[in-house]
Amino acid sequence: PLDPQLRVSETDARGVRITLLIESGRFDDVQAELERLLTASGDSVQPNVLSADVHLRALRAAIGAAADDAVIEGFKSRAIDDLRLAIEAGEIPRTVLETETDCDPLRDDPRFHALLAEE
C-alpha cells in the first residue's frame with residue numbers, strides 16, 4: 001500500500017489541480033481529475049460530498065464564464081446526483097441543502113426542488 005504521507009500529498013496535489021482547472025475554464029478536464037482525486041483519497045473522504053463540492057464549484061465558474069449550456073447543465077446534473085447520493089449515504093443531511101449557499105445555482109432547477117422534497 002501507498003505510504004499515508006504520499007497519499008496525502010497526492011490528494012492535495014489533485015485538489016489543487018482541480019481548482020486550477022476550474023479557475024482556468026478547462027471544464028472538460030475536471031471530471032477526469034475528480035475521478036483521480038477520489039481514487040487517491042481512498043476512504044479518507046466522503047466521496048459524494050467531495051464530488052458535489054467540485055461539481056458545484058465548477059458550475060459556479062462555468063456560469064460566471066458564460067460557458068456552453070451543455071457544460072452548465074452537465075455540472076448541474078452531476079451536482080444534484082452527487083447530493084442525492086450523499087444524502088442516501090448519510091454523508092450530509094437533506095436539511096443542510098435548504099440554506100447552503102453553495103447550492104444557490106441549483107435553486108431554480110426542478111430536480112433540486114424534487115431532491116429537497118424527497119423523504
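## Contacts and overall build

Two residues are in contact when heavy atoms lie within 4.5 Å. In this predicted model, among contacts between residues at least 6 apart in sequence, 57% join residues at least 24 apart.

The protein has six helices and zero strands, where helices (H or I, at least four residues) and strands (E, at least two) are DSSP runs numbered from the N terminus. Along the principal axes, the C-alpha atoms fill a box of roughly 45 × 35 × 20 Å.

Of the 119 residues, 35% count as buried, meaning under 20% relative accessible area with a 1.4 Å probe, protein chains only. A nonpolar core is a set of buried Ala, Val, Leu, Ile, Met, Phe, Trp, Tyr and Cys residues joined through side-chain atoms within 4.5 Å.

The largest such core has 28 residues, and those touching the most other members are Val54, Phe75, Leu83, Leu97, Leu106 and Phe112. Helices α1 (4-23), α2 (27-41), α3 (47-64), α4 (69-88) and α6 (110-117) each supply at least two residues of this core. Leaving aside neighbours within four places in sequence, Phe112 is in contact with Ile80, Leu83, Leu97, Cys103, Leu106 and Arg107.

## An aromatic pair

Phe27 and Phe75 form an edge-to-face pair, 5.9 Å centre to centre with 75° between the planes (ring centres of Phe, Tyr and Trp, its six-membered ring, must lie within 6.5 Å, and planes over 60 degrees apart count as edge-to-face). The pair links helix α2 to helix α4, 48 residues apart.

## About the numbers

Residues are numbered from 1 along each chain as its sequence is written. Local features need pLDDT of at least 70, side-chain atom pairs count only at pLDDT 80 or more, and totals for chains, interfaces and linings use all residues, while side-chain values use heavy atoms, leaving out hydrogens and water.

How values were computed:
Buried < 20%, exposed > 50% of the residue type's maximum accessible area, 1.4 Å probe, protein only. Phe/Tyr/Trp six-rings, centres within 6.5 Å; stacked < 30°, edge-to-face > 60°.
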